[in-house]
Amino acid sequence: MPASIAVLDVIKRFRMRGTDVLALDHVRLKLDAGCFGAIIGPSGCGKSTLLRMVADLFEPTDGRIDIGGAPPSRLRREHAIGFVFQSPTLLPWRTVIDNVRLPLRIAGIAEADAPRKPADLIGLVGLKGFENALPGQLSGGMQQRAAIARALVMNPQVLLLDEPFGALDEITRQRLNTELLRIWAESGTTALLVTHSIAEAVFMADRVFVMSPRPGRIETTIEVDLPRPRSLGMMNTTAFHAIEGAVREALFAHESPDAATSGGADRP
Ligand SMILES: Nc1ncnc2c1ncn2[C@@H]1O[C@H](COP(=O)(O)OP(=O)(O)O)[C@@H](O)[C@H]1O
Ligand SMILES: [Mg+2]
């Protein structure tokens, strides 16, 4: 069962060389169960920190996170959160299928009782035939497919993705994004994706959360009412461009006119 995600006035401070650094300031975000959300913002604004707090990998300094009525710590204990990192995190000495099985092993669950069968997930992510390959024998895109299969093996209520295809070329990324939408629709989880691509955020999401530069806040939430299933052709429509424009405007709302033009020579 997919769960809703609510981030309620979350503040995150890091202690760095004796001083407090405010990374996130009163972040508020709401995503309904089963929906696809995208978080977009400039580098260093706290996107990864926010996603890690939702995954219970970091604790908020203040505020609260609620996933389907429970704190993230409970979902993590129940293995109900799937996480895909930007850099490949597969164990290089284990085969693809053994990597996908890993969360079962950690949770002490026999394969026969697996919430989702590793072999089926390998098919779902398009890696049939590569079950016994080692990660080093796969392309970066294939490794991330395997990481997605691994994140789904416990049939998570939420799937969190931190720039999963950020290291890949644009053509591969576009193909994987289309696949990710298919996988998400099939698996029925709530998805929250961190990206720094405006087009990617709009293409993927039902709701885009635009963050300000550090200290990160949610500047604006933009609804994407494009129909599903999404197709690449939609990226050339007026409706798509209008939403992209709204996201861009929100992203650069903080820039001074001097920064946006070249030195403000046109100003009186
Ligand atoms: N473990 C940490 N200790 C200290 N500062 C951190 C830590 N993790 C992140 N930060 C700081 O918090 C800010 C946000 O980082 P991050 O969440 O990685 O941003 P983003 O993913 O948007 O690029 C940065 O200024 C970063 O230096
Ligand atoms: Mg990051």
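Begin the tour at Pro229, which is found in the loop between β9 and α8 (238-251); helices (H or I, at least four residues) and strands (E, at least two) are DSSP runs, numbered from the N terminus. Select Arg228 together with Pro229: a cis peptide bond joins the two, with omega of about 0°. This is a predicted model, in which local features need pLDDT of at least 70 and side-chain atom pairs count only at pLDDT 80 or more, while totals for chains, interfaces and linings use all residues. Residues are numbered from 1 along each chain as its sequence is written, and chains are lettered from A and ligands numbered from 1 in the order in which they are written.

**Further backbone features**

Next, select Arg214 and Pro215, which are also joined by a cis peptide bond with omega of about 0°. Pro215 lies in the loop between β8 (207-211) and β9 (218-223).

Then move to Arg17, in the loop between β1 and β2. Its phi is near 45°, a positive value in a residue other than glycine. Arg17 has 5 other C-beta atoms within 10 Å and is therefore exposed; a residue is buried if 20 or more other C-beta atoms lie within 10 Å of its own, exposed if 12 or fewer, and partly exposed in between, with C-beta atoms placed from the backbone.

Asp56 is the next stop, in the loop between α1 and β4 (62-67). Phi of Asp56 is near 65°, again a positive value in a residue other than glycine. With 18 other C-beta atoms within 10 Å, Asp56 is partly exposed. Most residues other than glycine have a negative phi, and most peptide bonds are trans.

**The ligand**

Now display ligand 1 and the 13 residues around it, of which Phe14, Ala23, Lys47, Ser48 and Thr49 come nearest; a residue is near a molecule if its C-beta atom, placed from the backbone, lies within 6 Å of it. Colour β1 (5-16), β2 (19-31) and α1 (47-54), each of which supplies at least two residues of this shell. The largest share, 3 residues, comes from α1. By type, the shell around ligand 1 divides into 5 nonpolar, 6 polar and 2 charged residues. Here Ala, Val, Leu, Ile, Met, Phe, Trp, Tyr, Cys and Pro count as nonpolar, Asp, Glu, Lys and Arg as charged, and the others, Gly among them, as polar.

**The core**

Select Val208 and Val247, the residues with the most contacts inside the largest nonpolar core, which has 76 residues. Such a core is a set of buried Ala, Val, Leu, Ile, Met, Phe, Trp, Tyr and Cys residues joined through C-beta atoms within 7 Å. Helix α5 (residues 140-152) gives the most to this core, with 7 residues. Around Val247, leaving aside residues up to four places away in sequence, show Ile40, Ile198, Ala201, Val202, Val208, Val210 and Ile222, which Val247 touches; two residues are in contact if their C-beta atoms, placed from the backbone, lie within 7 Å.

**The whole chain**

Finally, zoom out to the protein chain, with its 9 helices and 9 strands. Buried residues make up 40% of its 268 residues. The C-alpha trace spans about 70 × 45 × 35 Å along its principal axes.

Colour by pLDDT, the predictor's confidence in each residue, from 0 to 100. The chain averages 93, and 95% of the residues score at least 70. Over residues 260-268 pLDDT stays under 50, and the model has 7 contacts beyond four places in sequence for them. Where pLDDT is low, the predicted coordinates should not be read in detail.
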